[in-house]
Amino acid sequence: MNDIAKPTIDKRNRLSVIWIIPLVSFALGLWMIVEKKMSEGPLVHVSFETAEGIVAAKTKIKYLNVEVGQVEAISLNDSMDGVLASVRIDHDAKHLLFKDTQFWVVRARVGAGSVTGLGTLLGGAYLELSPGQEKAMNFEYVGLETPPLTPAGAAGIKLNLYSEQAASVSTGDVVLYNGYKVGRVEGMGFDEAQRLVRYDLFIDAPFDQLVNGAVRFWNVSGISVNASLGGVDIKAGSLDTILLGGVAFCLPDGVQAGAPVTDGADFKLYDNYGALQEQPYEYSLEYVVQFRQSLRGLLPGAPVEYRGIPIGSVRRIMTTELLADPEGQRAAAIPVLIKIEPGRLGLADTQESVDLIKHSLTESVAQGLRASLETGSIITGSLFINIDYYYDVSSAELGEFDQYSLIPSVETGFARIEQQLSDFLTKVNALPIEPTIQHFDSMITSMVQLMESVDELLNDRDTQKLSAEMTATLKDVREILGGLSPDGQIFQSIEGSVSKINQTLYNLDELTRTLSDKPNALILPTNYPSDPLPGANH
Amino acid sequence: MRIPRLLIAVSSVLISACSTTPQARSTYLLRSNSHVHTGELAKVGDGYLGTVQVASYIDQPGLVLELAEGMIHTAKQHHWAEPLRVSLREFLNVEISAANEEALATIPPGGAAADRIDVRISQLHGDAQGHAVLVASWSLSSAKQRHDYQFAETAPLDGVGYKALVTAETKLLIQLSKAIAHELK
């Protein structure tokens with residue numbers, strides 16, 4: 001029984017195969033972790049004013065309605081005045097993240113012009129992503145509270161419009177060119193430096209090519225009604241602009257296109273198209289004109305015309321400069337600052353045109369160009385300034401008034417008539433009227449006496465008898481003169497006598513010539529040679 | 001002795017003078033041959049003859065003959081019977097009336113339609129080639145207007161002698177009268 005062999009105990013320390021299982025599990029887990037980390041996109045933080053509609057681990061991130069990420073967590077920011085959304089962007093969408101990438105919450109919105117985001121009422125709000133263009137990577141973003149009107153990097157041009165008053169233009173309003181939508185108002189604010197209301201415009205490409213330095217913008221919101229003596233003028237844009245407002249721009253008539261503009265160019269926003277037409281030019285010259293007559297009715301903005309053609313307007317009456325004149329020499333004439341715009345004369349709205357007009361005016365003043373104050377309306381008493389040539393004025397040149405050039409002026413219209421009337425009355429006053437009247441009176445007295453004398457003379461019987469004798473004498477004279485007429489007897493007799501005298505004189509002349517040729521012809525016979533015969537071919 | 005010699009000399013001169021035969025002189029009357037009848041004129045128009053002037057070289061009795069260019073001879077044996085300025089007026093008056101078929105007024109008629117005829121005879125003579133020459137200018141004038149005309153014609157002489165010259169000049173004057181009458185119509 002003792003034959004039972006003793007077990008052989010192998011004391012080798014060998015690792016059990018069973019350990020392969022946990023090792024493989026560990027390797028798989030590690031691979032899965034690495035794989036997950038490798039496939040996971042970047043985590044970015046987007047700050048918002050509120051987390052309304054945003055749910056952690058539920059709210060999706062979309063770009064062009066394609067999911068590209070998800071909100072992982074929401075927390076309050078450090079200052080506790082906003083929220084910070086941690087957003088995981090898919091790995092294959094991480095190239096959408098740029099420095100200027102924009103995030104905003106898409107939720108149902110009801111605006112003045114549209115209703116958007118109705119789809120989110122059922123599916124819930126989501127974050128919309130708009131990739132930017134700047135390549136630098138950034139993981140901290142400030143989310144937009146409202147959707148951007150223009151996607152970042154959109155082709156076009158950004159402009160700034162300035163207005164003295166906040167018009168009925170608001171963010172989102174359209175920008176029109178010839179009634180066609182070419183852009184939008186992206187925002188508005190107040191420029192404290194210039195104390196003007198600023199509007200941010202974006203003009204989409206390719207319409208940005210329509211914008212140049214000479215275009216003008218005006219407010220087309222609502223309806224413009226202008227009632228005047230010429231009738232009622234109603235101007236209105238499209239229904240959208242009437243209800244919601246908008247801005248339009250154009251190149252004014254007669255104005256040449258300006259230089260191209262770049263992003264951020266500044267323009268003035270005119271209140272309406274009428275205001276634009278009144279002042280569509282950028283370049284102008286300023287001159288001063290002095291008048292000694294009353295300026296009642298001459299208001300800033302009154303037209304300055306050249307022979308009826310508007311060439312500018314009155315800027316202001318320079319009462320301040322007048323009072324500040326230390327010499328007091330200008331007190332007699334009131335200076336008026338006027339503006340002349342070369343563009344109104346068909347010239348280009350450029351500095352070169354300004355120089356041309358300045359040179360032309362300098363020469364024209366020497367040739368008689370003068371400014372005058374004219375009556376625009378007798379009813380309203382409005383005045384305007386007319387510039388024209390006058391050939392009966394003394395020579396003059398452009399003067400100076402403060403830093404402005406001074407155009408000489410003449411008095412015309414009612415003022416000139418008034419002056420001429422005054423001069424005439426002065427001359428009348430200077431006439432020796434009283435001595436003249438006395439002399440005239442004495443002359444009338446003499447004439448009365450003379451007439452009385454004539455009357456007495458005519459009533460005298462001898463005078464009446466003399467008249468009858470004169471009548472008889474005149475009758476005799478007429479009869480005598482009748483005898484001297486060509487058909488009268490005396491005339492016939494005289495004509496016959498004159499004819500005989502002429503004949504005698506001729507004979508005497510012939511006798512004289514004969515005696516001159518032959519002195520003895522009185523005694524000795526003279527035989528003249530026979531006259532040559534006509535027709536005998538001498 | 002001296003007295004008888006003087007008487008003899010004077011007697012001889014007188015005898016010689018008295019025995020000389022004076023040269024014969026022919027005179028020509030410028031008259032129209034148009035028919036003139038006795039009685040009241042049938043018709044008197046508005047035209048009347050104003051002035052009739054003649055050039056100085058023919059305003060004398062002798063007929064004129066142009067022997068060469070610019071050289072004239074005034075005939076001593078051939079005279080006009082009347083001064084030309086008188087006879088020409090009468091001649092033209094009759095001939096114009098005849099051509100116009102109505103008499104010219106003897107005194108200027110009133111009214112703006114009256115036509116005054118003024119004639120100037122610049123040349124009236126015979127030339128060396130056997131022609132009569134007449135150059136004249138004349139005008140028709142009324143209260144409103146005036147027209148001037150010229151006449152320059154020649155006519156060949158029918159024969160030799162001053163009678164033929166007078167005949168040719170008369171023909172030319174008749175042509176002038178017809179020309180005036182034509183414009184007067």
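## Ground rules

Helices (H or I, at least four residues) and strands (E, at least two) are DSSP runs, numbered from the N terminus. This is a predicted model, where local features need pLDDT of at least 70 and side-chain atom pairs count only at pLDDT 80 or more, while totals for chains, interfaces and linings use all residues. Residues are numbered from 1 along each chain as its sequence is written, chains are lettered from A and ligands numbered from 1 in the order in which they are written, and side-chain values use heavy atoms, with hydrogens and water left out.

## Cavities

Rolling a probe the size of a water molecule over the atoms shows where empty space is left. A cavity here is a set of points, on a 1 Å grid over the protein atoms alone, where a 1.4 Å probe fits but cannot get out; lining residues have an atom within 4 Å of a point. Grid points are joined across faces, edges and corners, and a volume is the space filled by probe spheres set on the points. Searching the whole structure turns up 2 cavities of 30 Å³ or more.

The largest cavity holds about 40 Å³. Its lining is made of B:Ile58, B:Gln60, B:Gly62, B:Leu63, B:Val64, B:Trp80, B:Leu84, B:Leu124 and B:Glu169. Strand 3 (residues 62-68) of chain B gives the largest share of that lining, with 3 residues. By class, the lining has 6 nonpolar, 2 polar and 1 charged (Ala, Val, Leu, Ile, Met, Phe, Trp, Tyr, Cys and Pro count as nonpolar, Asp, Glu, Lys and Arg as charged, and the others, Gly among them, as polar).

The second largest cavity comes in at about 30 Å³. Around it sit A:Phe48, A:Thr50, A:Val105, A:Arg107, A:Arg109, A:Leu144 and A:Glu145, a lining of 3 nonpolar, 1 polar and 3 charged residues.

## Strand 4 of chain A

Strand 4 (residues 83-89) of chain A is mostly covered, with 6 of its 7 residues buried (buried means under 20% relative accessible area, exposed over 50%, partly exposed in between, with a 1.4 Å probe and protein chains only). Strand 4 of chain A pairs in the antiparallel sense with strand 1 (residues 43-48) of chain A over 6 bridges, and with strand 3 (residues 66-76) of chain A over 7 bridges, again antiparallel. Two strands count as paired if DSSP finds at least two bridges between them.

## Helix 2 of chain B

Helix 2 (residues 84-100) of chain B has 17 residues, which at 1.5 Å a residue should span 24 Å, and its end C-alpha atoms are 23 Å apart, so the two agree. The expected span is 1.5 Å times one less than the number of residues. Its buried residues are B:Leu84, B:Ser87, B:Leu88, B:Phe91, B:Leu92, B:Glu95, B:Ile96, B:Ser97 and B:Asn100. Their cover includes strand 2 (44-54), strand 6 (115-126) and helix 3 (162-184) of chain B, with contact meaning heavy atoms within 4.5 Å.

Most residues other than glycine have a negative phi, and most peptide bonds are trans. B:Glu101, which follows helix 2 of chain B, has a positive phi near 60°. A:Met80 has a phi near 65°; it lies in the loop between strand 3 and strand 4 of chain A, a hairpin with 6 residues between the strands. A:Met80 counts as exposed because its relative accessibility is 59%.

A:Arg195 has a positive phi near 55° and is exposed at 66% relative accessible area. A cis peptide bond, omega about 5°, joins A:Ala205 and A:Pro206, and A:Pro206 lies in the loop between strand 13 (196-204) and strand 14 (216-219) of chain A.

How values were computed
On a 1 Å grid over the protein atoms alone, a cavity is a set of points where a 1.4 Å probe fits but cannot get out, and a pocket is an open set with protein on both sides within 12 Å along at least five of seven lines; lining residues have an atom within 4 Å of a point.
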